Structure formats: C-alpha cells, structure tokens
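Reader: I have not seen this one before. Can you walk me through it?

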Amino acid sequence: MEHYISQEPIHQARRKNSRMGLSLCIIGVLAMCLSTLCTMVLPSIFLMDGKANMEELVKAKPWILWMIGFFPLYIAAPFGIYLMRKTPSTKIEEHALGLGKLLMYFVMCVPILFLGSIISNVIQKLVSGTEAINPLEHVANQGYLVKTLFLVIIAPVLEEFIFRKTIIDRTVQYGEKMAIFFSGLTFGLFHINLSQFFFAFGLGLFFAYIYVRTGRLRYVIILHIAVNFMGTILAPMTMSKVHPDELNSFMENIAQGLKGPLPEGIQPFLYYLIYFFSMVAIGTVLWIIQRKNFHLQETEQQVPKGQRLKVMFGNVGVPLFLIYSLTFIIRSIILAMH
C-alpha cells in the first residue's frame with residue numbers, strides 16, 4: 001500500500017480545496033475581463049473603413065479570434081497557478097508507462113469522447129430543442145499551424161499542469177478517489193459550456209487516474225495532445241474537403257444501398273469516420289477487458305467517506321467556482337436556443 005506523508009488535519013484539506021476553487025475562479029473571471037477588454041479595444045485600434053466594427057475586423061484579421069479567446073487565459077493562468085502553488089504539495093511515486101499501454105489508453109479515450117458528446121447533445125436537445133454548440137467551431141477554419149500551436153500544444157500542456165500536476169499534487173494525500181473526482185469535475189466545468197463538459201469531465205477523470213498511478217505529467221500531456229489533434233485538426237481537415245452537394249449525394253447513395261461510386265471529396269471524411277468508430281468499438285472492448293485492472297489505494301490522511309463532499313464543497317472557493325462555471329454553462333444553453 002502506498003502512503004503519502006502528511007500530518008495536516010481535515011480542515012486543512014477543506015482550505016486546500018477552497019484555494020483550488022478560488023484560484024480557478026480567479027483565472028476564469030480575469031480571463032473573461034481581459035477578453036471583454038480586447039473586444040472593446042481592438043476594433044478601435046484596427047479601424048475598418050474608419051469604423052470600429054468587430055465583425056469586419058475578424059473577417060479581415062482572423063488572428064483576432066485567438067487574441068480574444070486564448071491570450072486572456074494564458075495571461076490569467078499564472079496568477080491562479082501561483083495561488084495554488086502557495087499550498088504544500090505531495091510527491092506522488094513515479095512509475096513508468098510503456099508505449100503499448102500508452103497507445104491502449106489513447107484508444108480508451110475515444111469512447112469517452114464519443115459518449116460525452118452524445119450526452120451533451122441529448123441534454124441540449126431535451127432542454128432547448130437544439131444541438132450543443134462547441135465554442136471551438138468558430139476557429140475550425142483558421143490556419144492549421146495556429147490551431148496546432150494553441151489547441152494541440154499550449155492548451156494540453158497548460159491544462160494538464162493545472163488540473164493534474166498542480167491540483168492533484170495538493171489534494172491526493174486526502175484520498176485518491178477524491179483527488180481524481182475533483183480534478184475531473186473542475187476540468188470539465190472549466191470549459192464553461194455544455195458541449196465540452198461531459199467528455200472533458202470523463203477524460204479529466206481518466207487523465208487524473210493515469211497521473212495518480214504514474215506520477216508523470218508527460219503521459220497525460222501526450223494523451224491530451226493526441227485527443228486534441230484528432231478533434232481539432234484531423235476531423236476538421238477531412239470535413240473541410242466535403243462539399244455540401246457531395247454530402248447530400250453521399251447520403252442519397254447510402255439510402256439507395258451504396259449504389260454507384262462515392263464522390264471524390266467524401267472519401268477522406270468517410271475514412272475518418274471508419275477510423276473514429278473503429279476506435280470507439282475497440283476502446284469500448286478495452287474498457288470491458290481492463291476494468292478490473294483499475295484500482296485506487298488508501299492514503300495516510302484519507303478523508304472518511306462521509307466527509308468527502310464536505311471537504312470538497314463545504315468551503316468558500318469551490319462554490320464560487322461552481323457559480324462562475326455553471327452560470328456560463330447555462331448561458332451557453334440559452335444562447336443555443338436563439
């Protein structure tokens with residue numbers, strides 16, 4: 001049995017969780033304020049035909065979207081990380097993970113991605129009659145180099161450092177289950193939209209478990225990069241080659257029993273669908289086979305079962321973060337209705 005050395009009482013665990021929640025809230029609010037400021041100021045700096053028009057500005061300078069949507073977060077994040085790291089951390093014992101197991105874990109990520117997206121769309125459909133909208137869709141047609149930099153490299157590294165390394169290192173001594181759940185939940189909520197919440201929550205739990213078992217951040221960063229590459233680069237790249245007329249022709253071809261040749265533009269997209277659903281099927285089988293190999297260990301300072309919710313949510317910081325994130329999630333649902 002592994003033990004994490006610490007003599008802190010349970011009320012210190014509540015204070016730590018409170019600081020984690022408050023720090024995430026500060027990151028989110030500060031990023032929102034900076035994003036709003038950019039939205040107000042940038043049109044005046046880059047006048048279009050002598051007018052401050054954000055819509056025309058974005059069309060002429062697509063990088064403005066990245067300036068508004070991502071730079072504020074990267075500026076705000078260090079402040080929250082600094083506050084989190086002011087609290088003592090626990091050294092998790094490191095264990096190597098072979099390439100084969102890492103590849104297996106990646107395949108197991110795909111059913112989580114698929115199921116989470118289905119849950120989000122079902123809930124959105126029931127609530128508003130529309131499908132959940134992924135906020136990243138507005139950058140889907142931007143340059144692949146920029147998307148790779150921001151969404152495939154910087155975002156996974158930053159998010160894994162915050163939600164796995166920083167948060168778990170400071171909460172795992174009070175119980176692996178509680179630390180994994182807290183890491184996954186805050187990761188899902190931090191996306192502040194319904195479209196991404198469920199698969200981000202599921203992947204957050206899985207990444208948190210892998211980090212707790214290995215103690216090595218690079219494994220979850222690699223998995224996160226692979227998932228983001230598949231969703232933000234590979235999928236849009238294949239879909240961008242599909243013309244709406246070709247898609248309609250393909251659907252009619254399916255209805256007729258796939259008679260006749262496939263439209264040329266549809267083929268990359270079709271190959272991607274075959275790849276994706278094959279990964280979903282294989283990943284689901286792996287979950288069934290591997291489910292008994294997942295285990296959690298007790299810690300010296302483990303919080304008793306009846307007090308875990310109180311430790312996680314019975315403080316100031318976490319409820320504030322819940323109010324912040326749920327407010328924007330509800331807002332995203334309402335906006336999808338109009």
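This is a predicted model: local features need pLDDT of at least 70, side-chain atom pairs count only at pLDDT 80 or more; totals for chains, interfaces and linings use all residues.

Reader: What volume does the largest cavity have?

Author: Its volume is about 30 Å³.

Reader: And which residues line the largest cavity?

Author: The lining is made up of Leu73, Leu158, Glu159, Ile162 and Phe190. By type, four of the lining residues are nonpolar, none is polar and one is charged.

Reader: Which helix gives the most to that lining?

Author: Helix α6, residues 144–169, with three residues.

Reader: Staying with that helix, what about Arg164? Buried or exposed?

Author: Arg164 is found in helix α6. Arg164 counts as buried because its relative accessible area is 0%, and buried means under 20%.

Reader: Which side chains does the Arg164 side chain make a polar contact with?

Author: One is the side chain of Glu160, at 2.7 Å. Another is the side chain of Ser183, at 3.1 Å.

Reader: What else does Arg164 touch, not counting residues up to four places away in sequence?

Author: Its contacts include Glu159, Asp169, Phe187, Phe207 and Tyr211. Glu159 also lines the largest cavity.

Reader: Different topic. Where does Leu320 lie?

Author: In helix α13, residues 317–336. Leu320 is partly exposed, with a relative accessible area of 37%.

Reader: Which residues is Leu320 in contact with, leaving aside neighbours within four places in sequence?

Author: Leu22 and Cys25.

Reader: And how far apart are Leu320 and Ser18?

Author: In sequence, 302 residues; in space, 9.1 Å from C-alpha to C-alpha.

Notes:
Residues are numbered from 1 along each chain as its sequence is written. Side-chain values use heavy atoms; hydrogens and water are left out. On a 1 Å grid over the protein atoms alone, a cavity is a set of points where a 1.4 Å probe fits but cannot get out, and a pocket is an open set with protein on both sides within 12 Å along at least five of seven lines; lining residues have an atom within 4 Å of a point. Grid points are joined across faces, edges and corners, and a volume is the space filled by probe spheres set on the points. Helices (H or I, at least four residues) and strands (E, at least two) are DSSP runs, numbered from the N terminus. Ala, Val, Leu, Ile, Met, Phe, Trp, Tyr, Cys and Pro count as nonpolar, Asp, Glu, Lys and Arg as charged, and the others, Gly among them, as polar. Buried means under 20% relative accessible area, exposed over 50%, partly exposed in between (1.4 Å probe, protein chains only). Contact means heavy atoms within 4.5 Å. A polar contact is a pair of N or O atoms within 3.5 Å; within protein, one must be able to donate a hydrogen and the other to accept it, and residues adjacent in sequence count only if both atoms are side-chain atoms.
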